[in-house]
Amino acid sequence: MNDLSPTAFLVTSSIKVFLVFSVLLAVVALMTLMERRLAGFIQDRLGPNRVGPFGILQPAADGLKNILKEETMPATANRFFFVLAPALAIVPAVITFAVVPFAAPLETPWGTVGMIVADIPIGILFVLALGSLGVYGLFLAGWASNNKYAFLGGVRSASQLVSYEVALGLSIVPVLMLAGNLTLPQIVWEQQQLGFWYVFPLSLAFILFVISAFAETNRLPFDLPEAESELVTGYHTEYSGMKFSMFFIAEYSHILTASALMATLFLGGWSIPFWSGDHMIWYEGMLISGFTAAGEPVAANPAWWKTLLTFVSFALKTAFFVLVFMWVRWTLPRFRYDQVMHLGWKVMLPVALAYVMALAATILVLDQLGVEGFLFGAVLTAMSTLATVIFVFFIDSDRLISGSAVSGTDREVRSPVRTVDRPTLRPGSGVGAGR
Amino acid sequence: MAATVKVMRRPDPGQTSYIRATLKGMALTFKHMVNPKKVTRQYPEEQPPLSERWRGTHRMEVHADGRPKCVACGLCPTVCPANCIRLVGGEDDQGNRYPIVYEIDEFRCIFCGMCQEVCPVEAIHVGVHFENAEYTRDRFVYDLDRLMEQDHPTTLLWDPSDPRSE
């Protein structure tokens, strides 16, 4: 996958691991600030703006506070799992980012370095596997706290993540069908070659992926595991200090990874639209930018400024989805629990299955007809747009997710006026009689 | 006044929407997000507007030569409902009365402003001021020097013949 010597590979990989890990945590810290400031703006407030210019040092102040705070340990908690749970929550959340390519390969004097921590062949499966490991942290936290609210939060997170994992996996299948590969750099490359970001030819898959990702990251409107108004704060009710902030770091890293995945799978990753200078992929040990008409690979010419530009492109796309995550959070109220399960099993799963089938049939027909390139993408776009319109039409007319409103007759059926038979109180009877 | 009841009609299922309503809601929150008009007051830099009749921290008026205007008549400790003023009067060679001790316990004070109303020489005033934070409790007993140092505007007394200050 690269032309580096083993020593250079080791060195560059170590540097990448260190850099990506620190940048990830720094961005996560800034995201907490962004969330609070956005919340302020949406509610016509200013948000935290006192620590440093524009409040930029607020996360540092928060971190310092959380480190200095007392770590409480409930007397009846299971000590081992209570301490283990925050670590289990944060590790998968941070590791997942390793397979996301964040820029075009960088040319160095020692060879061309891929801007991805681990370009493993199973790419997207690694993300799914580790992404669902995160639920162990939340569930263990709920169970080990020995607190009914924490436990309910943990149970909810487990059932919710299991339910939406199915739809998440099925919404990725169309991407894999088009790209024909599991590694994320290859998926980016295929999008560059097709000339379409997958958000257009696979629009319904994109919508399903976004909804599932919201559920997977426990963000509103799917934040039932936390559910402040019902469960105190759900699974992390009993946590304080740094263990509490570990759960928060885990949640925000999940958001960041989910946003990066949306950008990579559906918005062309680090590629820059309408520019072919950034088309690069490893092909049989060399970095190529395409093939000649005769099928000969053409060597790519990476440059540091291309890496920089593509990184900016990737960062902007990711930041956009992070913004959407926060924007939605401060707009929508929480679903009821039955609505979450209904949406997951009775809407998302059948729709995703039907869409995969329909898309597979369309691709098969197009392949048989020998349609390629722009027309291929255009036909798929038309087909997916139609599917999206049908999906939105059915979802929107209250056939599938019912609102909290009930009609007059329905309400009377559910809560009839109750008449209570009270024993008649006579003077001289009852408690105060003998006085 | 008769109570008015507004009956809210809830839409029937089938008439509601989720996606359109969500998009509408997101448009609304976006409008607020980019709207530069915020309700937050940047407090220490931006002071809240106070009424001219705001009754806050006391101040003692002084003569041009630096003596307090107080003549130690004893009316303010008498009228004070919270009993927070301690006054010990004295007399100088010319027979002028002056306060030897004049202390106001700002913790006991209820800021009714009656000391200002009753003062015959317009010496003691309540003022348009509210920032009184201190590190120790005893700092809240203001002595005569402290009262004379205060330089915030004094409160405009309520005038019965002009009840709305017009």
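Tutor: Two strands pair if DSSP finds at least two bridges between them. Helices (H or I, at least four residues) and strands (E, at least two) are DSSP runs, numbered from the N terminus. This is a predicted model: local features need pLDDT of at least 70, side-chain atom pairs count only at pLDDT 80 or more, and totals for chains, interfaces and linings use all residues. Residues are numbered from 1 along each chain as its sequence is written, with chains lettered from A and ligands numbered from 1 in the order in which they are written.

Start with the pairing. S3(A) and strand S4 (residues 286-291) of chain A are antiparallel, joined over 3 bridges. Two of the facing pairs can be named. Ile281(A) stands opposite Ile288(A) of S4(A). Tyr283(A) has Met286(A) in S4(A) as its bridge partner. The two strands form a hairpin with 2 residues between them. In that turn, Glu284(A) has a positive phi of about 50°.

Put together, 3 strands of chain A form an open antiparallel sheet in the order S3-S4-S5. Strand S3 (281-283) and strand S5 (297-299) of chain A are the edges, and each pairs on one side only. Neighbouring strands of this sheet are turned by 70° against each other on average, direction ignored. Axes are lines fitted to C-alpha atoms, for helices over the stretch in contact, and angles run from 0 to 180 degrees between N-to-C directions.

Now the link to the helices. S3 is among the elements that cover the buried residues of H6(A). The others include helix H4 (123-144), helix H5 (148-179), H9 and helix H12 (373-396) of chain A. A residue is buried if 20 or more other C-beta atoms lie within 10 Å of its own, exposed if 12 or fewer, and partly exposed in between, with C-beta atoms placed from the backbone. Helix H6 (residues 184-194) has 8 of its 11 residues buried. Among them are Leu184(A), Ile187(A), Trp189(A) and Leu194(A). Gly195(A) follows H6(A), with a positive phi near 85°.

H9 leads on to another packing. The axes of helix H9 (residues 241-266) and helix H10 (residues 304-329) of chain A come within 8 Å and cross at roughly 125°. That makes H9(A) oblique to H10(A); angles under 35 degrees count as roughly parallel, over 145 as roughly antiparallel, 65 to 115 as roughly perpendicular and the rest as oblique. Residues of H9(A), including Ile255(A), Leu256(A) and Met262(A), meet residues of H10(A), including Phe314(A), Phe321(A) and Phe325(A). Two residues are in contact if their C-beta atoms lie within 7 Å.

Last, the whole chain. Chain A holds 13 helices and 5 strands. Of its 435 residues, 41% count as buried. Its C-alpha atoms fill a box of roughly 110 × 55 × 40 Å along the principal axes.
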